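Visitor: I've got a structure open and I'd like to learn how to read it. Can you walk me through it, one feature at a time?

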Amino acid sequence: KFSVAILKAAERVMPTLFEHFDPVTLHPSELDQLLLPELTGPSTKFLKDELGILELDSGKYQPTCSGVIPVRIRDYMESEDGVSGASLLAKFAGPPYAYQPEVIKACVLGLLRGSRLKIEDESGNEITAVRDAGVREVFDKTTSFRRAQFIPAGDDDIGIRARAKICKFFDEQLGEPLDREDNAIADAVQKHFQNV
């Protein structure tokens with residue numbers, strides 16, 4: 001009888017304490033998918049119907065971060081003009097959110113992939129893309145994540161449409177399909193137009 005009473009009390013109180021709770025959980029192996037240079041076959045949990053970190057566009061996964069949780073995290077970082085990983089976990093792992101730490105990290109990775117933030121690791125190194133040195137350590141080690149600073153990247157001078165046209169040019173004219181990420185585009189420009 002006591003356990004039934006506790007369960008009933010929890011069912012009444014939990015929605016009040018955790019009004020923004022989302023039951024999505026991620027395994028470390030799923031989080032690793034967002035650390036790979038190319039997004040191929042990511043977990044459906046990252047897509048529009050769940051976390052909304054990625055969307056499929058013309059056969060490519062794009063880090064739109066349009067879901068509720070990534071938008072909340074981005075808005076918080078922007079309102080604070082940058083936050084530590086410890087602040088992110090304190091804000092979103094407790095009431096009224098109770099998001100799993102891997103979900104918070106996945107959203108931050110999506111924002112990094114979408115060029116919406118930059119990271120300063122505990123040694124002061126700047127990370128602007130998943131291809132940068134040190135990015136895996138920030139997301140693999142809880143201590144490193146807590147000590148890192150996450151800073152909004154500011155305005156996107158290029159824009160989504162222009163980035164799509166650039167990638168279409170590389171695909172159709174040079175036979176090189178690209179992810180719509182700044183570093184992938186920069187690498188391709190370096191490769192094909194080095195002498196120009």
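Guide: Let's start with Pro152, which sits in strand E6 (residues 149-152). Helices (H or I, at least four residues) and strands (E, at least two) are DSSP runs, numbered from the N terminus. Keep in mind that this is a predicted model: local features need pLDDT of at least 70, side-chain atom pairs count only at pLDDT 80 or more, and totals for chains, interfaces and linings use all residues. Residues are numbered from 1 along each chain as its sequence is written, and side-chain values use heavy atoms, with hydrogens and water left out.

Visitor: Is Pro152 buried or exposed?

Guide: Buried means under 20% relative accessible area, exposed over 50%, and partly exposed in between (1.4 Å probe, protein chains only). Pro152 has a relative accessible area of 19%, so it counts as buried. Across the protein chain, 37% of the 196 residues are buried.

Visitor: Which residues does Pro152 touch?

Guide: Contact means heavy atoms within 4.5 Å. Leaving out residues up to four places away in sequence, Pro152 touches Met77, Glu78, Asp81, Gly82, Arg116 and Leu117. Its C-alpha atom is also separated by 9.0 Å from that of Ser115, 37 residues apart along the chain.

Visitor: Which residues of E6 are on its covered face, and which on the uncovered one?

Guide: Phe150 and Pro152 make up the covered face, while Gln149 and Ile151 make up the uncovered one.

Visitor: And how do I read the sheet around E6?

Guide: Strands of a sheet pair through backbone hydrogen bonds, either parallel or antiparallel. Two strands count as paired if DSSP finds at least two bridges between them. Here you have an open sheet of 4 strands in the order E3-E6-E4-E5, with antiparallel pairing. E3 and strand E5 (126-127) stand at the edges with a single partner strand each, so one side of each has no neighbour in the sheet.

Visitor: Which residues stand opposite each other?

Guide: Go pair by pair. Strand E3 (residues 83-84) is joined to E6 by 2 bridges, and Ser84 stands opposite Gln149. Strand E4 (residues 117-120) is joined to E6 by 4 bridges, with Lys118 opposite Ile151. E4 and E5 pair over 2 bridges, and there Glu120 stands opposite Glu126.

Visitor: What about the surface: which residues form the nonpolar patch?

Guide: Patches are made of residues with over 30% relative accessible area and no salt bridge; like charges are joined within 9 Å, nonpolar side chains (Val, Leu, Ile, Met, Phe, Trp, Tyr) within 5 Å. A salt bridge is a side-chain nitrogen of Lys or Arg within 4 Å of a carboxyl oxygen of Asp or Glu. Phe169, Leu174, Val189 and Phe193 form the patch, with about 300 Å² of accessible area together (Shrake-Rupley method, 1.4 Å probe; for residues, only the protein chains shown count as cover). Helix H8 (160-174) and helix H9 (182-193) each supply at least two of its residues. Val189, in H9, is partly exposed at 37% relative accessible area.
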